[in-house]
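Student: Could you walk me through the charged pairs in this one? I have not looked at it before.
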Amino acid sequence: MSEGKKIRRGLTRRRVLGTASLLPLAALAPDLLSESRAIAAGSAYRYFNTHQAAVIDAATRRIAPGPSDDILETGHPGAHECDVVRYIDTMLSMFDHRIPRLFAGGPWSNRHSAGRNHMKTFVMPDRAQAQAWRTRVKALQMTYRDGVKSLDAHADGDFTRASKFQQDLILAKSGVAAFTTVLFGHTIEGMYSNPEYDGNKGLAGWKEIDYPGDIQPRGYTAEEMAAIDVDVIDPTGIVALVLAEFPTVAQALASGVWRG
């Protein structure tokens, strides 16, 4: 058996998701200030109310289960451990800040160097960018509001009370598929994006797939580049697996872009 086949056979569900994050993802979007404050009143989140956050948490746990969701995932972080709900909530409440949480600054973080984390200081979008994102926000807010209502409706009123098996069936239903596709993309983003966007808590997602993250200004040495196992970093085999497993999701991901 070739080394490449050994690697692919040993892929975990999470490593597939991590590699899928290298693909262009569904367009990210934020929220409007006044509406986000009204909806999130009484919640620990800026946009989601308590029930909405619980439904999204339950749904993303089925997409990327962690140790508390599946005994086979013991020792491996899932959507909950990476704080995917917080990532999505920050995305939806992006304009609830003087400088929208849209473009993390630069030139680099302090993850591989001493000094300031420049990426924590977000960059103000220009007027055209802000307007475009506000338009996307409106549509994505509706997608999440309607998506939560749909999940609840298919679960006799409360998705969080359904069994894990029932939740899986609901997420696969044709009437919910479009929302599941959006949620799938955002789950990947929340697990593997730069932590400045409030996901990938404690760099758990990156650590799980052995990704060092942004490594500027140090960069890689010639020796490090030469030592990289091509079979590991070449996503061809894994992407094929994703395409076979999630054809409609992969098609949706292929049409989007990263935020950061």
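Tutor: Let us start with a term: a residue is called buried when its relative accessible area is under 20%, exposed when that area is over 50%, and partly exposed in between. Please keep in mind that this is a predicted model.

Student: Okay, so how many salt bridges does the structure hold?
Tutor: There are seven salt bridges in the structure. One of them joins Arg-46 to Asp-96, whose closest N and O atoms are 3.3 Å apart.

Student: And which parts does that pair tie together?
Tutor: Arg-46 belongs to the loop between helix 3 and helix 4, while Asp-96 belongs to the loop between helix 5 and strand 1, so the pair ties together parts that are 50 residues apart in sequence.

Student: Is Asp-96 buried or exposed?
Tutor: Asp-96 has a relative accessible area of 10%, and because the cut-off for buried is under 20%, it counts as buried.

Student: Switching topic, what does Asp-57 pair with?
Tutor: Asp-57 forms a salt bridge with Arg-61, at 2.9 Å from N to O, and both lie in helix 4, four residues apart, which is about one turn of the helix. Asp-57 is buried at 17%, and Arg-61 is likewise buried at 17%.

Student: Where does Arg-62 come in?
Tutor: Arg-62 meets Asp-168 in a salt bridge of 3.1 Å, N to O, and this pair links helix 4 with helix 7, 106 residues apart. Arg-62 is buried at 13%, whereas Asp-168 is partly exposed at 31%.

Definitions and conventions. Residues numbered from 1 in each chain as written. Predicted model: local features only at pLDDT ≥ 70, side-chain atom pairs only at ≥ 80, totals over all residues. Heavy atoms only, no water. Salt bridge = Lys/Arg side-chain N within 4 Å of Asp/Glu carboxyl O. Helix = DSSP H or I, 4+ residues; strand = E, 2+ residues; numbered from the N terminus. Buried < 20%, exposed > 50% of the residue type's maximum accessible area, 1.4 Å probe, protein only.
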